Amino acid sequence: PPDVLLIPMVLAARTKWFRIAFVCTLASVAGGLFGYFIGAFLFDELGRPILDMYHAADKFAAASQAYNENGVWIVFTAGFSPIPYKIFTIASGVTGMEPVSFFFASLIGRGARFFSLHIRCMMRSETISQWLPWALLAAAAAALGTAYTAQLGFGYEPCVLCLYQRVPYAIIAALGVLAIFVTPLAHRRLITALAGLVFAVGAGI
């Protein structure tokens with residue numbers, strides 16, 4: 001995941017935040033299109049080994065069946081949430097999802113994720129201290145909400161990697177609640193910094 005690299009890049013070049021977010025979004029969507037190509041034409045040669053690497057082969061059939069009715073929403077959810085996006089790009093190609101719909105669902109989902117991250121990084125430190133605990137709680141709740149919506153609403157059973165990726169977001173939500181009720185500013189900043197570290201660890205899963 002590029003999040004760990006994006007945060008220091010934006011902080012080091014604040015005037016270029018839009019360009020960084022834009023390039024990151026396009027590159028991610030381009031990678032998604034490559035995954036779509038693998039699923040459509042090279043599944044046995046490349047797609048299946050990738051799924052095996054992420055221990056997601058057993059859940060792949062269930063995800064493929066859901067594409068018949070909810071493909072666009074599933075791709076958008078995977079693009080924005082902690083659900084592994086690469087698995088769904090391959091599934092989109094295998095199931096023959098309409099390419100234009102796949103492109104725009106990926107563009108909106110990935111763009112929403114990366115641009116929201118960049119905007120948060122651009123805020124002044126004083127403002128961050130005031131609203132960041134609420135933002136951490138909201139972001140974690142949104143990510144977990146989309147993951148559970150995909151599972152309970154669309155019938156997608158999470159793989160082992162998916163479940164591991166939910167743990168950091170649950171910890172971030174708890175730290176966000178704690179930071180909201182902490183009065184000393186220094187303590188609040190320490191908690192939010194710890195939440196940022198947890199986010200970085202989660203991005204590497």
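Leaving aside neighbours within four places in sequence, which residues is Ala40 in contact with?

## Ala40 and its contacts

In this predicted model, Ala40 is in contact with Gly93 and Val94 once neighbours within four places in sequence are set aside. Ala40 belongs to helix α2, which covers residues 17–41.

Ser92 lies 52 residues from Ala40 in sequence, yet the two C-alpha atoms are 7.9 Å apart in space. The relative accessible area of Ala40 is 33%, so this residue is classed as partly exposed, that class lying between the limits of 20% and 50%.

## Nonpolar cores

The largest nonpolar core has 17 residues, of which Val75, Phe88, Phe102 and Cys159 touch the most other members. At least two residues of this core come from each of the helices α3 (43–53), α4 (57–80), α5 (85–95), α6 (99–122) and α8 (160–181). Helix α5 gives the most to this core, namely four residues.

Another core lies apart from the largest one and is made up of 16 residues. Ala143, Tyr169, Leu175 and Ile191 are among them.

## Arg166 in helix α8

Arg166 is found in helix α8. Is this residue buried or exposed? Arg166 counts as buried because its relative accessibility is 8%, and the limit for that class is under 20%.

Not counting residues up to four places away in sequence, Arg166 touches Leu144, Ala147, Tyr148, Gln151 and Pro158.

Technical notes. Residues numbered from 1 in each chain as written. Predicted model: local features only at pLDDT ≥ 70, side-chain atom pairs only at ≥ 80, totals over all residues. Heavy atoms only, no water. Core = buried A, V, L, I, M, F, W, Y, C linked by side-chain atoms within 4.5 Å. Buried < 20%, exposed > 50% of the residue type's maximum accessible area, 1.4 Å probe, protein only. Contact = heavy atoms within 4.5 Å.
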